[in-house]
Amino acid sequence: MNARTARVTILVWLNLFRQAVMRDLQFRSQAWLHLFAGIGELIVGILPVLILTTYVRTDSARPEAAVLTVGVFAITTGLMDCFVTPGLRRFDSAIRKGELDLALVRPVPTFFYAVLRWIQPTELGRCVSGTAILVVAASTFDLGLGPEGVLAMIAWAFAGTIAYCAFWADLTLLAFWVRSIEPVNDLAAAWRGAGQYPRQFFPRTMQIVLVSFAPAALIGSFPAEQLLDPTAGLVLAPAVVLVSCSLTALIWQFGLVRYNSASS
Amino acid sequence: MSAHTARRAGSVLRSLVGQELQMIAQYRWWLVAMQASVVAVPLISLLVWRGAMANGAEPPVTRDYLTTYLVLVSLVTMLTSSWTARFLAESIRLGHLNAWLVRPCSTHLAAVANNVSEKLAKLATLLPLVAILAVPFHRDIELPAHPGRWLLFLWALIMGATMMFCFDVIVGSLAFWWDDVAAMDRFRQLAASFLSGALIPLSVMPAAWGPFLQVQPFGYAVAFPIETLLAPDVTTLGTGLAVQAAWVLLALVAARFVWVRGLRRYSGAGA
């Protein structure tokens with residue numbers, strides 16, 4: 001991508017974001033309801049984790065780790081559901097109805113226009129709730145977090161969000177090969193829920209899956225662990241982003257070759 | 001309803017179910033992906049709760065109870081679920097309802113046919129997935145052998161499914177008054193997913209919530225049907241069966257009331 005295309009892409013994205021905010025301001029009552037529903041989903045997600053934690057009385061499962069996990073998970077999923085997943089959920093339909101043609105002829109990267117142009121600003125309410133949870137947890141448990149831990153958490157939460165979005169996109173891109181694969185979005189959303197539980201509760205094999213192939217732990221429990229105990233090398237975070245994005249780009253290239261434009 | 005009307009409705013329903021099944025057969029991958037997502041949540045809960053118990057967690061239920069519950073929950077959730085609200089709301093908003101209002105059978109027959117046929121197709125896909133899920137945990141799964149228990153389970157399932165369908169019709173019918181009911185439907189699904197016991201068994205929730213959990217309706221759609229199989233003594237289920245029947249009756253009356261009141265407001269867009 002050259003500098004001009006990058007500039008145009010950023011300008012288009014800013015306009016899309018402005019358009020999304022204007023839409024939510026037009027339909028205010030719906031926007032408020034969706035905001036509350038998003039926070040409600042967060043609460044419904046938190047409760048099973050907190051209920052489970054109340055029954056664990058060993059040192060290995062620290063309650064502060066569980067609460068921090070929930071806070072990080074709220075922020076990362078809020079970002080995903082604002083900027084990425086609305087487009088991924090529409091991708092199957094775009095392939096089936098030939099709407100991808102419209103993205104192909106635009107002077108911006110096709111993947112960007114096909115997937116990232118649907119934005120739901122109300123989902124950012126979850127990021128605010130997640131940040132509040134982190135702040136309250138830090139002061140309640142008197143964690144005394146250092147800048148190193150905060151930096152490690154932010155870096156891994158960012159890398160994890162991109163990696164999980166890439167994993168979700170890999171599943172969605174199956175639409176190039178399989179007809180009507182739209183429910184894989186529900187599968188990706190359901191699997192994502194594993195990230196809000198402390199990692200040590202899962203069996204060993206599952207823990208490996210959750211930080212590699214289907215990286216749900218990277219959007220919740222793993223960054224929260226880094227906040228408390230920053231041990232994993234930060235140099236690995238860019239590698240995670242690079243590998244996951246490369247795989248998605250590869251699948252996208254193969255899929256695009258197969259696309260035969262349903263509308264033309 | 002006369003015998004002739006009932007026979008005609010039955011005949012239309014059979015035809016609609018056949019049509020729906022043919023259509024669903026065209027979307028096989030849709031079914032597989034959908035059922036995989038249905039199994040994912042209980043699978044995560046199962047692994048995490050068993051892991052927590054291995055780490056010293058002491059919930060108020062046994063490991064066998066928890067395992068059997070979480071293996072069965074995806075099946076029961078699917079069989080009692082309903083998804084007609086947004087389609088009903090759309091047909092009201094766009095005026096597609098007109099086509100059904102002039103027909104000599106219930107307006108909701110198509111939704112019932114869609115619900116029944118999709119559940120039949122989903123059952124065929126979900127059963128093998130649940131069986132695969134059950135294999136690694138088979139030593140901890142305890143199911144009753146008495147056929148009476150399974151009949152009771154079937155009855156509780158039908159009642160739960162009827163209640164959820166009525167709730168769905170109520171939410172969909174709100175489109176007679178509101179342009180968009182998506183957020184309301186999202187709230188209903190949110191409440192149902194947590195309070196029905198689809199995420200975690202109601203019996204592991206805090207004891208202080210007990211009185212509320214026993215009277216709220218959603219628990220009678222998922223947790224209670226499973227309880228008919230897992231309760232150690234069948235005589236303890238009497239109260240639950242009575243409360244479930246009361247909720248079903250109330251849901252039927254409320255759905256009928258909202259639907260009739262809404263129809264009076266309907267102006268038939270597109271007619």
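Visitor: How many positive and negative side chains does chain B have, and how far apart do the centres of the two sets lie?

Guide: In this predicted model, chain B carries 19 positive and 13 negative side chains, and the centres of the two sets are 11 Å apart.

Visitor: What do I look for to find a salt bridge?

Guide: Look for a side-chain nitrogen of Lys or Arg within 4 Å of a carboxyl oxygen of Asp or Glu. By this rule there are 14 salt bridges over all chains.

Visitor: Is B:Asp140 buried or exposed?

Guide: Buried means under 20% relative accessible area. B:Asp140 has 10% relative accessibility, so it counts as buried, while B:Arg63, at 41%, is partly exposed.

Visitor: Which residue forms a salt bridge with A:Asp92?

Guide: That is A:Arg96, with the closest N and O atoms 3.1 Å apart. A:Asp92 is buried at 1% relative accessibility, and A:Arg96 is partly exposed at 39%.

Visitor: Which residues are linked in a network of salt bridges?

Guide: The network takes in A:Glu41, A:Asp81, A:Glu123, A:Arg126, A:Arg192 and B:Arg186.

Visitor: And how many helices and strands are there in chain B?

Guide: Chain B has 11 helices and zero strands. Its radius of gyration is 20 Å, close to the 18 Å that the globule rule gives for 271 residues, so chain B is as compact as a globular protein of that length.

Definitions and conventions
Residues numbered from 1 in each chain as written. Chains lettered and ligands numbered in written order. Predicted model: local features only at pLDDT ≥ 70, side-chain atom pairs only at ≥ 80, totals over all residues. Heavy atoms only, no water. Helix = DSSP H or I, 4+ residues; strand = E, 2+ residues; numbered from the N terminus. Rg over C-alpha atoms; globule rule 2.2 N^0.38 Å. Lys, Arg positive; Asp, Glu negative; His and termini not counted. Charge placed at Lys NZ, Arg CZ, Asp CG, Glu CD. Buried < 20%, exposed > 50% of the residue type's maximum accessible area, 1.4 Å probe, protein only.
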